[in-house]
Amino acid sequence: MTAAPPSNHPKIIDNDTELIQAINSGQIEKFPELVRRYEQKLYNFGRRMCGDAADAEDLVQDTFLNVFRYLKDFRHETKFKNWLYRVAASTCIKKRRRSKFAPERELSLEEFVPGGEPGSVAQVPDWAQIPLEKLLNEELVQTLNQAILSLPEPYRLVVVLRDMEGFSTEETAQIMNISGANVKVRLHRARLFLREKLKGYFAHDV
Amino acid sequence: MTCDSPDHRHCLELFEKLSEYIDQELEPEARRDIEAHVAECLACFACLQTLKQTIALCQKAGDQPVPAAFSRKLHAMLQTTTKPPLP
């Protein structure tokens, strides 16, 4: 969010570039348009990261205030959306640090390696074979959201950005300021964690 | 892993790479390795399928609308904050 040193990165032009240039050239009455474009996405990001509607609203508000404050420093070296999420993620992390909610721990791969006796019969459980549209219901979405909230924050942020917000590995690495390899490691563990929770919900053994 | 053959060393190695396989981020050789393995190992195949479904559920979970009252409050607050200074 702080001013970056000058660089030789090519400018990235996206659907927001014109609007941002207008705002940065003094037409700040256009800022609400930028908010309208992203308030729903950010609100849902906030719900997934914080769980609670009030915390999500705080996150959206603080993020847009930070965006307004630092928009002049945005150098169009990434898509605006990626920069916005970087601001949001940073705002979120600062808020969580002030809270006692998030249990911080490392997830190890070993805890997700399925156990089982040698020779045990494995099968693909029904829930993995049912079409999504038949499987998805409000209760399942709630279970999934609860499972996401029970992930330690660095894992939650990765899985939310990659699998729910649709960012690529490289974009997620930029937003989180970590390496792509680190994104992959965290993502795999986060997915395995969620898979375990869903297995419990469907009461199947794999 | 729950492979039928307990000495199947491939299971653990491949278990680590399943997400990259699903995301198509593996080199062709590593992809082929996984495909050949899951064709033989039902436990790993089941693991792959449940992981794929978990990811698909995350992707399809959908967004909630922003509460109208909050949106109004947000825009009102930003309008005040972003008001240009009087000349």
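This is a predicted model: local features need pLDDT of at least 70, side-chain atom pairs count only at pLDDT 80 or more; totals for chains, interfaces and linings use all residues.
1. Overall make-up. Chain A contains nine helices and zero strands. Read from the N terminus, its elements run α-α-α-α-α-α-α-α-α. Of the 206 residues in chain A, 35% are buried. Among contacts in chain A with a separation of 6 or more, 68% join residues 24 or more positions apart.

2. Domains. Chain A is divided into two parts, domain 1 (17-97) and domain 2 (109-202). Taken over C-alpha atoms, the centres of domain 1 of chain A and domain 2 of chain A are separated by 26 Å. The contact between these domains takes 10 residues from domain 1 of chain A and 14 residues from domain 2 of chain A. On the domain 1 side, helix 2 and helix 4 (80-97) of chain A each supply at least two residues. Helix 4 of chain A gives the largest share of that side, with five residues. By class, the domain 1 side divides into four nonpolar, three polar and three charged residues.

3. Core. The largest nonpolar core has 63 residues, and A:A88 and A:V159 touch the most other members. Domain 1 (17-97) and domain 2 (109-202) of chain A both give residues to this core, so the core lies between them.

4. A:V159. What does A:V159 contact, leaving aside its neighbours within four places in sequence? The partners in chain A are A:I148, A:L151, A:L187, A:A190, A:R191 and A:L194, and B:C58 is a partner from chain B.

5. In chain A, helix 7 and helix 9 pack with their axes 8 Å apart, at an angle of about 90 degrees. Angles of 65 to 115 degrees count as roughly perpendicular, so helix 7 of chain A is roughly perpendicular to helix 9 of chain A. Helix 7 of chain A contributes A:P154, A:Y155, A:R156, A:V158, A:V159 and A:R162 to the contact. From helix 9 of chain A come A:V183, A:R186, A:L187, A:R189, A:A190, A:R191, A:F193 and A:L194. The residues of this contact are nine nonpolar, no polar and five charged.

6. Helix 8 against helix 9. Helix 8 (residues 169-176) of chain A and helix 9 (residues 180-202) of chain A have axes that come within 8 Å and cross at roughly 100 degrees. These two helices of chain A are therefore roughly perpendicular to each other. The residues in contact are A:T169, A:E170, A:T172 and A:A173 of helix 8 of chain A, together with A:G180, A:V183 and A:K184 of helix 9 of chain A. They divide into two nonpolar, three polar and two charged. A:V183 is listed in this contact and also in the contact of helix 7 with helix 9 of chain A.

7. Contact between chains. How many residues does each chain put into the contact? Chain A gives 45 residues and chain B gives 41 residues. On the side of chain A that touches chain B, helix 2 (31-50), helix 3 (53-70), helix 6 (138-149), helix 7 (153-164) and helix 9 of chain A each supply at least two residues. That side of chain A has 28 nonpolar, nine polar and eight charged residues. Helix 2 of chain A also supplies at least two residues to the side of domain 1 that touches domain 2 of chain A.

Methods
Residues are numbered from 1 along each chain as its sequence is written. Chains are lettered from A and ligands numbered from 1 in the order in which they are written. Axes are lines fitted to C-alpha atoms, for helices over the stretch in contact, and angles run from 0 to 180 degrees between N-to-C directions. Helices (H or I, at least four residues) and strands (E, at least two) are DSSP runs, numbered from the N terminus. Angles under 35 degrees count as roughly parallel, over 145 as roughly antiparallel, 65 to 115 as roughly perpendicular and the rest as oblique. Two residues are in contact if their C-beta atoms, placed from the backbone, lie within 7 Å. Ala, Val, Leu, Ile, Met, Phe, Trp, Tyr, Cys and Pro count as nonpolar, Asp, Glu, Lys and Arg as charged, and the others, Gly among them, as polar. Domain bounds come from an automatic or database domain assignment. A nonpolar core is a set of buried Ala, Val, Leu, Ile, Met, Phe, Trp, Tyr and Cys residues joined through C-beta atoms within 7 Å. A residue is buried if 20 or more other C-beta atoms lie within 10 Å of its own, exposed if 12 or fewer, and partly exposed in between; C-beta atoms are placed from the backbone.
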